[in-house]
Every structure is written in structure tokens, then in C-alpha cells.
Amino acid sequence: MRALIVSDVTSAYIWDHFDRRNFEGVEVVLSCGDLPASYLEFIVTLLNVPLLYVPGNHDKSFRTAPPQGCVDMDGQFARVCGKRVFGLGGCRSPHRDIHQYTEKDMARRVKRLTPLIKRKGIDILMTHAPAFGLGDGKDLFHQGFECFRELLERFEPCYHIFGHQHKSYSHEKPPEQAGATRLINASGHRIVDLRCFGP
């Protein structure tokens, strides 16, 4: 499955200089949050493929004005090109707010959804925040969730695609693998071929 993955930073390559030839073969767009609704609508209109997104911590307006033609994956499953995709939006914060969770709050969400995850399985986990210690930041607001790490260890998706941690935030090389799972920071944009062998 060829996917355009986007998050956090709009790209002039897409926004100002769109050329369909540069996206040949793209079958799905996966957005990991903190992008304007108008940007997502622009992409889904021009590419005319499914666009799945999870909300980021700056996407409060999506509650009343979600991006049209796009699929909100927050706490939801979808099957795309035979791949099982599950999404969780929001980031870690000491204070509760729209799309901002304490570790305890996110762990409760994951626990509530675990029976469904267990029944359906995951090939691709898409989140806004990374998992703790796996490409996250040092400050609390940019630290990942420990419960995401537990999800990776228990269900071993082929990919964990996330945003929130802009590539410019750190010069350290982030990890690319966690057990059986390949880690992909979606900040900005990139086209990737996602290959999984599952049901």
C-alpha cells in the first residue's frame, strides 16, 4: 500500500506546487495531526483517495468543523487496501484539554478499546503522539505515552506512524524499529510503501 503520510507542518511541495505526477500510485493519505482542515481538504480533493486522520493537540476546531471528505480515526478502525488501521489522537499534557491527555487518561482510553483491538488486530497504528522513549521529546508536553509502547509490545503492528515531534526539535537520530514494529515520524510529508503480511 503506497501512502502519503503528513503531519504538523504544511509543505509548499504539496500546498503551493502540487503536481499529481509526484504522487503517482498513492492509494491512501494518513495524517497524524496538527494540520489545517483546509490543507487536508486540498489533499483529498486533488488526490481523490481516502484520507484518514487523527487529531493533534492544535486541532480543537475539528470538533465543530472537521475536514470534509476525510475520515476521523480517533479511537476507530478502518480497513484500507487490506490493511487494518487503528488511530488515537491527542498528545500528553499535565492538564486535560481537547486532544490533550494525562498518561492516566490515555491509558484508560487504551484499556477501554483493548478488547476491540484484540478482536480486530492492527497492521498500522497511527497516532499524533509517539510512544514513550521511541522518537519522543524530553519535555513533558512532547513525551510519548507509555500505554502506546504497551500497545506496540502486545499487538506488534507492522507500523507505528505518528507526529507531534517535529523533525527539527532534535538532532538525535530517532529509533526506526521497536520490536516487530517500524516507527515512522510523519512530520512534514513523505511517501512510503507500507507492506504487512497479515489477515
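Contact here means heavy atoms within 4.5 Å. The structure is a predicted model, in which local features need pLDDT of at least 70, side-chain atom pairs count only at pLDDT 80 or more, and totals for chains, interfaces and linings use all residues. Residues are numbered from 1 along each chain as its sequence is written, and side-chain values use heavy atoms, with hydrogens and water left out.

Lys83 sits in strand E6 (residues 83-88); strands are DSSP runs of E, at least two residues long, and helices are runs of H or I of at least four, both numbered from the N terminus. Leaving aside residues up to four places away in sequence, Lys83 touches Met1, Ala78, Asp123, Ile124, Leu194 and Cys196. Lys83 is buried but has no salt bridge, and the nearest side chain of opposite charge, that of Asp123, is 6.6 Å away. Buried means under 20% relative accessible area, exposed over 50% and partly exposed in between (1.4 Å probe, protein chains only). A salt bridge puts a side-chain nitrogen of Lys or Arg within 4 Å of a carboxyl oxygen of Asp or Glu; Lys and Arg count as positive, Asp and Glu as negative, and His and the chain ends are not counted.

Over in the loop between strand E7 (91-92) and strand E8 (100-101) is Asp97, which is partly exposed at a relative accessible area of 37%. Asp97 lies 40 residues from Asn57 in sequence, yet their C-alpha atoms are 8.6 Å apart.

As for the whole chain, there are four helices and 13 strands. Buried residues account for 55% of its 199 residues.
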